Amino acid sequence: MSNYFNTLTLRQKLEQLGQCRFMDASEFEDGVNALKGKKIVIVGCGAQGLNQGLNMRDSGLDISYTLRQAAIDQKRQSYINATSNDFAVGTYEEMLPTADLIINLTPDKQHTNVVNAVMPLMKKGATLSYSHGFNIVEEGMQIRKDLTVIMVAPKSPGSEVREEFKRGFGVPTLTAVHPENDPEGKGWAQAKAYAVATGGHTAGVLESSFVAEVKSDLMGEQTILCGLLQTGAILSFDKMVAEGIDAGYAAKLIQYGWETTTEALKHGGITNMMDRLSNPAKVEAFRLSEELKDIMRPLFQKHMDDIMTGHFSKTMMEDWENDDINLLTWRAATGETAFEKQEITSDEIPEQEYFDHGTLLVAFVRAGVELAFEAMTESGIIDASAYYESLHETPLIANTIARMKLAEMNRVISDTAEYGCYLFDHACKPLLTDFMKTISTNVIGKPFSSENGVDNQELIRINKIIRNHPVEIVGEQLRASMTAMKVIKSV
Ligand SMILES: NC(=O)C1=CN([C@@H]2O[C@H](COP(=O)(O)OP(=O)(O)OC[C@H]3O[C@@H](n4cnc5c(N)ncnc54)[C@H](OP(=O)(O)O)[C@@H]3O)[C@@H](O)[C@H]2O)C=CC1
Ligand SMILES: CC(=O)[C@](C)(O)C(=O)O
Ligand SMILES: [Mg+2]
Ligand SMILES: [Mg+2]
């Protein structure tokens, strides 16, 4: 097996990276019909497996699970997840030969293993689905020619796939059909029905490619979605404590601060998030975020380049071969950070205070969203896809941090995202050492105050720059179709 993307000609690479069509609501009028009455078996019952399955069953589809024998025998968490929700569970031999659609929702590291075990049991003409294309694109997995291969990739952690669906909304979803495996031409109809069943069509569905999904997904999760939220959390917490802010207050300001500030982002983009600050604080957040963009740009570009060349996947696969030594070491180190160990205060922090005391958090988010969006679109990823993968998903990840800090985020996201998150975090923190020396509680922990007033010309110039960024332009169009978007508030 070899990296599929790297076997493509430049022309084919650009064509697949640029494949991205925003689907019109009218294209989903057939609902889940293409999968109605079909036997759908999900392999694995973890973050995506359980939550996608619950949504799909609520949408009227026939869902059951297959788990590896040991998980059933030992009644592991995946077995409990499925059976406690009254799903039928069986071995591969029991479940797979009669299945029409088999959805592989095991960790990416296991895909070669799992697909090699599953494939011989699949009936002729069945469909195999993924929610992330790593195995196909980075490992070059070859699938039996009679099988259809599709992808339905929610741009969200599994827990929020369920939470948004229960609220009557969904998460943006990227769909694809592997060009090497669509023998009957039924791939797109099935992918569409599957996206409807998970609720994705209420938020936006892209007709895309395996290649575009993999390269954009890896970039988003490593940088703005997980990596930068982790880096920003740790640095901001340590700064506040060093400057004498109560540690319980500082931990709470971060734990819920990402969620509160990015909720403003989700509804009204960077413009609305920045508008939640006072004008003097906005001018300062803008200045800080410009500085952060200049410092971090080379790192964001390095992540994008390493993802494109296959260097990232090669080194992560080396870690797989090495018993996940880096992943496990980094995971343990995250658990030991002062932020993670600090109990939060029970004192209430009013919603507006997260903005007023969190100028730096807002600056981190603006810098990270814009840099990730820029790096993706400069590399041939279409703006709508880059928007979902940066701006829209950041609040969904922030929701997981609000539940139980970084440990919860890193538990819910995929192992692949977790690895990339730590990789970025360990490179980013040292880059920001000098920058953090310039930071005081004036921008994190306390309300921003300035002796100088606001220069109106300067404010007008800043507002124009914020509003005219391409992520704001495409965001306004995409949000216009998100009519069912719901308010999330846990503070
Ligand atoms: N996490 C997320 O939110 C997102 C994940 N994705 C993608 O979804 C896919 C699933 O990821 P995620 O939900 O995080 O995975 P999890 O780690 O949460 O769940 C994995 C499931 O697979 C089972 N499993 C693990 N190893 C094997 C194996 N060798 N054979 C059979 N079953 C196995 C586990 O059960 P047990 O160990 O008990 O057998 C568990 O039920 C990945 O491709 C990921 O990239 C996409 C978007 C977001
Ligand atoms: C949550 C999600 O979409 C990620 C970050 O891509 C993942 O967990 O792999
Ligand atoms: Mg993702
Ligand atoms: Mg991912």
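The following paragraphs describe a predicted model, from its annotated regions to its ligand shells and selected local features.

Residues are numbered from 1 along each chain as its sequence is written, and chains are lettered from A and ligands numbered from 1 in the order of writing. Because the model is predicted, local features need pLDDT of at least 70 and side-chain atom pairs count only at pLDDT 80 or more, while totals for chains, interfaces and linings use all residues.

An unreviewed UniProt entry annotates residues 14-208 as "domain: KARI N-terminal Rossmann". UniProt positions are given here in the numbering of the model, with feature names shortened, and the annotations may be inferred rather than shown by experiment. Residues 14-208 are 34% helix and 20% strand, with end C-alpha atoms 13 Å apart. Helices (H or I, at least four residues) and strands (E, at least two) are DSSP runs numbered from the N terminus. The unreviewed entry also lists "domain: KARI C-terminal knotted", covering residues 209-341 and 345-485. Residues 209-341 are 89% helix and 0% strand, and the end C-alpha atoms of this span lie 41 Å apart. For residues 345-485 the figures are 72% helix and 0% strand, with 31 Å between the end C-alpha atoms.

Ligand 1 is surrounded by 28 residues, of which the closest are Gly44, Gly46, Ala71, Ser78 and His132. A residue counts as near a molecule if its C-beta atom, placed from the backbone, lies within 6 Å of it. Helix 3 (47-58), helix 7 (111-118) and strand 7 (148-154) are the elements that give two or more residues to this shell; the largest share, three residues, comes from helix 3. By class, the shell around ligand 1 has 12 nonpolar, 13 polar and three charged residues. Here Ala, Val, Leu, Ile, Met, Phe, Trp, Tyr, Cys and Pro count as nonpolar, Asp, Glu, Lys and Arg as charged, and the others, Gly among them, as polar. At least three residues of the shell come from each of domain 1 (4-208) and domain 2 (213-480), bounds that come from an automatic or database domain assignment.

The shell around ligand 2 consists of Lys155, Ser156, Pro157, Asp217, Glu221, Leu225, Ile413, Ser414, Thr416 and Ala417. Two or more of these residues come from each of helix 11 (210-242) and helix 21 (415-431), and helix 11 has the largest share, with three. The shell around ligand 2 divides into four nonpolar, three polar and three charged residues. It also draws at least three residues from each of domain 1 and domain 2.

Asp217 is located in helix 11. Asp217 is buried because 27 other C-beta atoms lie within 10 Å; the cut-off for buried is 20 or more, exposed means 12 or fewer, and partly exposed lies in between, with C-beta atoms placed from the backbone.

Helix 14 (residues 279-309) has 31 residues and reaches 43 Å from its first C-alpha to its last, close to the expected 45 Å. The expected span is 1.5 Å times one less than the number of residues. Helix 14 bends by about 50° at Met296, and Pro298 follows within four residues. The bend is the angle between axes fitted to the seven residues ending at a position and the seven starting there. Gly310, with a positive phi near 95°, follows helix 14.

Most residues other than glycine have a negative phi. Asp86 has a positive phi of about 60° although it is not a glycine, and it is found in the loop between helix 5 (77-84) and strand 4 (89-90). Asp86 counts as exposed because it has 7 C-beta neighbours inside 10 Å. Asp323 has a positive phi near 55° and is found in the loop between helix 15 (311-321) and helix 16 (325-335). With 9 other C-beta atoms within 10 Å, Asp323 is exposed.

Finally, Arg467 is found in helix 23 (residues 456-467) and counts as partly exposed, with 14 C-beta neighbours inside 10 Å. Arg467 and Gly269 are 198 residues apart in sequence and 9.0 Å apart in space, C-alpha to C-alpha.
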